[in-house]
Amino acid sequence: VSVSRHHSTVARNNYNLSLGVVLTVCCIYSGGLPAIPLTSIAIYLSHSAREDDRRGDLESAGRKGLTALYLNIIAVLVTIVVDLALVIVLIPTLTFGVNY
């Protein structure tokens with residue numbers, strides 16, 4: 001009985017697809033709306049990487065998965081910067097009634 005080790009219909013990795021989806025939801029609810037294009041592109045690249053994996057093109061899948069990871073990291077940083085900027089502007093305004 002011969003057992004094939006190559007499963008062409010099953011992706012070996014999700015290539016950060018779950019991370020992209022979770023971060024998109026987090027960006028929507030945390031005020032990091034400028035980061036949504038980054039997470040959307042990351043989701044697209046992750047899906048494309050999974051398709052490349054299924055076709056056996058592991059090199060392309062790895063590159064796309066890594067790019068998706070980097071985009072997700074940048075999206076988190078953008079969200080943090082936007083949230084900090086909102087806090088820096090809103091706290092003095094709400095506390096002291098300062099108008100900019």
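Which residues of helix α2 are buried, and what do they pack against? And while you are there, how many disulfides does the structure hold?

Modeller: Happy to! Keep in mind that this is a predicted model. Helix α2 covers residues 36-55. Its 20 residues, at 1.5 Å each, should span 28 Å, and the end C-alpha atoms sit 29 Å apart, so the length agrees with expectation. The buried residues of α2 are I36, T39, A42, L45, S46, S48, A49, D52 and D53. These buried residues pack against two helices, α1 (17-30) and α3. Just past the end of α2, G56 adopts a positive phi of about 95 degrees.

Now to your cysteines. The count of disulfides is zero. For C26, the nearest cysteine sulfur belongs to C27, 7.0 Å away. A disulfide needs the two sulfur atoms within 2.5 Å, so at 7.0 Å the sulfurs of C27 and C26 are too far apart for a bond.

Finally, a look at α3, one of the partners of α2. Helix α3 runs over residues 58-96 and includes V76. V76 is partly exposed, with a relative accessible area of 32%. V76 also belongs to a nonpolar surface patch of about 1100 Å², whose other members include L66, Y70, I73, L77 and I80.

Note on methods: Residues numbered from 1 in each chain as written. Predicted model: local features only at pLDDT ≥ 70, side-chain atom pairs only at ≥ 80, totals over all residues. Heavy atoms only, no water. Patch = residues over 30% accessible without salt bridge, like charges linked within 9 Å, V, L, I, M, F, W, Y side chains within 5 Å. Areas by Shrake-Rupley, 256 points an atom, 1.4 Å probe, with all protein chains shown as cover. Salt bridge = Lys/Arg side-chain N within 4 Å of Asp/Glu carboxyl O. Helix = DSSP H or I, 4+ residues; strand = E, 2+ residues; numbered from the N terminus. Buried < 20%, exposed > 50% of the residue type's maximum accessible area, 1.4 Å probe, protein only. Expected span 1.5 Å × (residues − 1). Contact = heavy atoms within 4.5 Å.
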